[in-house]
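Reader: I am new to this structure and would like to learn how to read it, feature by feature. Could you take me through it slowly?

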Amino acid sequence: MDIHEYQAREIFRRAGIPVPPGEVASTSAEVRQIADGLGGAVVVKAQVHAGGRGKAGGVKLAKSPAEAGSHAAEILGMRIKGLTVERVLVTPAEDIVSEAYLGVLIDRANHAPLFIASRAGGIDIEEVARKTPEKVRRLHVDPRYGLLPHQAYWIADFLYDDPSHIQQGARIVGQLWRAFREAGASMAEINPLIVTPRGEVKAIDAKVSIDDNELFRKPDIAKYRDTSSEPAAERQAREAGLSYVKLDGDVGCCVNGAGLAMATMDLVHHYGAEPANFLDIGGSSNPDKVVTALQIITSDPSVKVILFNIFGGITRCDDVANGIVEATRRIQIDIPIVIRLTGTNEQLALRILEDAGFTAYTSMDEVVKEAVGLTRAA
């Protein structure tokens with residue numbers, strides 16, 4: 001789950017990271033009022049779940065409350081990477097001597113959190129790592145022990161030369177680790193981490209992504225979810241208890257079980273097509289889930305054929321069959337549906353589908369070949 005910058009700042013503040021003050025507004029009048037209260041120059045920043053806000057014109061410096069309100073009028077309502085800006089963050093402008101990058105994320109390949117630090121802050125860390133890898137320092141944190149003090153100092157010593165800056169930086173490294181751990185994050189980054197003319201080290205930007213699997217035990221973090229920024233299909237799937245990921249192909253897949261879903265997608269690719277999605281209806285025997293799954297799949301205009309691949313263990317094949325029949329009654333489906341059902345109540349399911357005019361397969365290989373063939377024909 002991605003969260004907005006102003007929410008990430010709250011997480012950082014609770015961990016002790018020095019973050020400048022700031023308030024969120026949804027109108028130009030509110031922005032002018034906030035800017036007047038802060039005094040001096042301010043920065044107006046679009047709050048959307050998208051990178052590249054500055055390049056898109058979503059981050060503007062204002063020297064007066066009136067100018068801040070004018071900038072807000074331009075930013076509010078603009079679209080950045082397909083997302084409409086509905087709120088802006090107003091925060092004091094900072095004088096900057098230097099910028100650095102500091103982040104921590106889950107390195108799945110090495111099964112450990114990974115700190116990444118660079119003196120080249122304020123720009124894409126991926127570009128820095130690709131073009132000048134010597135400017136990047138990496139540190140894996142042993143999950144058994146967490147971040148140790150000397151490791152935090154080792155990272156800060158790479159970022160700064162001044163002993164005072166190193167000391168402040170080491171403290172912020174430890175605080176970022178605390179924020180990352182306590183929020184159940186999969187990624188937390190500060191870009192840029194600045195040094196001011198007074199020698200203060202501050203985080204003037206905050207980005208945090210939360211591991212969805214942590215949300216059930218962190219209700220204070222779960223409330224940060226902004227459903228308006230989520231694709232409608234993903235929101236509908238999550239609310240229905242379905243696992244859904246949009247992909248770039250044209251075969252809409254509806255499968256039960258993550259392993260079978262991955263195998264189905266591999267087989268679709270093997271026979272010359274590409275899956276349009278990963279969609280796992282899970283082990284529930286609830287026909288309504290099947291109806292929702294079909295609604296989600298058919299909302300994707302790139303889908304040319306719908307492929308059901310169900311192995312009924314906990315899931316009852318007749319419930320899936322009833323869901324397919326009910327869905328075709330509720331919504332207009334103008335593309336072919338191919339179905340493979342095998343397992344619990346298989347024969348009953350086949351009769352239900354046959355009575356409704358469907359042909360069902362019991363071979364996974366045959367049903368995928370049929371789906372790919374229909375896709376090519378379409």
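This is a predicted model: local features need pLDDT of at least 70, side-chain atom pairs count only at pLDDT 80 or more; totals for chains, interfaces and linings use all residues.

Reader: Which residues of helix 2 and helix 3 make the contact?

Author: On the side of helix 2 the contact is made by Ser-28, Val-31, Arg-32, Ala-35 and Asp-36, while helix 3 contributes Pro-65, Ala-66, Ala-68, Gly-69, Ala-72 and Ala-73. As a general idea, an α-helix has 3.6 residues a turn, so residues three or four places apart point the same way.

Reader: How many helices and strands does the whole chain have, and into which domains is the chain divided?

Author: The protein chain has 13 helices and 18 strands, and it is divided into domain 1 (22–92), domain 2 (98–222) and domain 3 (232–377). The centres of domain 1 and domain 3, taken over C-alpha atoms, are separated by 44 Å, and the C-alpha atoms of the chain fill a box of roughly 80 × 50 × 40 Å along the principal axes. Of the 378 residues in the chain, 50% are buried.

Reader: Which residues of helix 10 are buried, and what do they pack against?

Author: Helix 10, residues 287–298, has 12 residues and reaches 17 Å from its first C-alpha to its last, close to the 16 Å expected at 1.5 Å a residue. Its buried residues are Lys-289, Val-290, Val-291, Thr-292, Ala-293, Leu-294, Ile-296 and Ile-297. These pack against several elements, among them helix 8 (232–240), strand 16 (305–312) and helix 11 (317–330).

Reader: Why is Leu-102 counted as buried?

Author: Leu-102 counts as buried because its relative accessible area is 0%, and the cut-off for that word is under 20%. Leu-102 lies in strand 7, residues 98–107. Leaving aside neighbours within four places in sequence, its contacts include Phe-115, Ile-155, Leu-176 and Leu-193.

Reader: How should I read the backbone, and which peptide bond is cis?

Author: The general idea is that most residues other than glycine have a negative phi, and most peptide bonds are trans. Here the peptide bond from Asn-191 to Pro-192 is cis, with omega near 15 degrees. Asn-191 is placed in strand 10, residues 185–195, and Pro-192 has its place in strand 10 as well. Asn-191 is buried, with a relative accessible area of 15%, and, not counting residues up to four places away in sequence, it touches Ala-100, Tyr-101, Gly-121, Gly-122, Ile-123 and Asp-205.

Reader: What is the phi of Lys-81, and what is the phi of Asn-345?

Author: Phi of Lys-81 is near 50 degrees, a positive value in a residue other than glycine, and phi of Asn-345, likewise positive, is near 60 degrees. Lys-81 sits in the loop between strand 4 (79–80) and strand 5 (83–84), where it counts as exposed because its relative accessibility is 65%. Asn-345 belongs to the loop between strand 17 (337–343) and helix 12 (346–355), and with a relative accessible area of 34% it is partly exposed.

How values were computed. Residues are numbered from 1 along each chain as its sequence is written. Side-chain values use heavy atoms; hydrogens and water are left out. Contact means heavy atoms within 4.5 Å. Helices (H or I, at least four residues) and strands (E, at least two) are DSSP runs, numbered from the N terminus. Domain bounds come from an automatic or database domain assignment. The expected span of a helix is 1.5 Å times one less than its number of residues. Buried means under 20% relative accessible area, exposed over 50%, partly exposed in between (1.4 Å probe, protein chains only).
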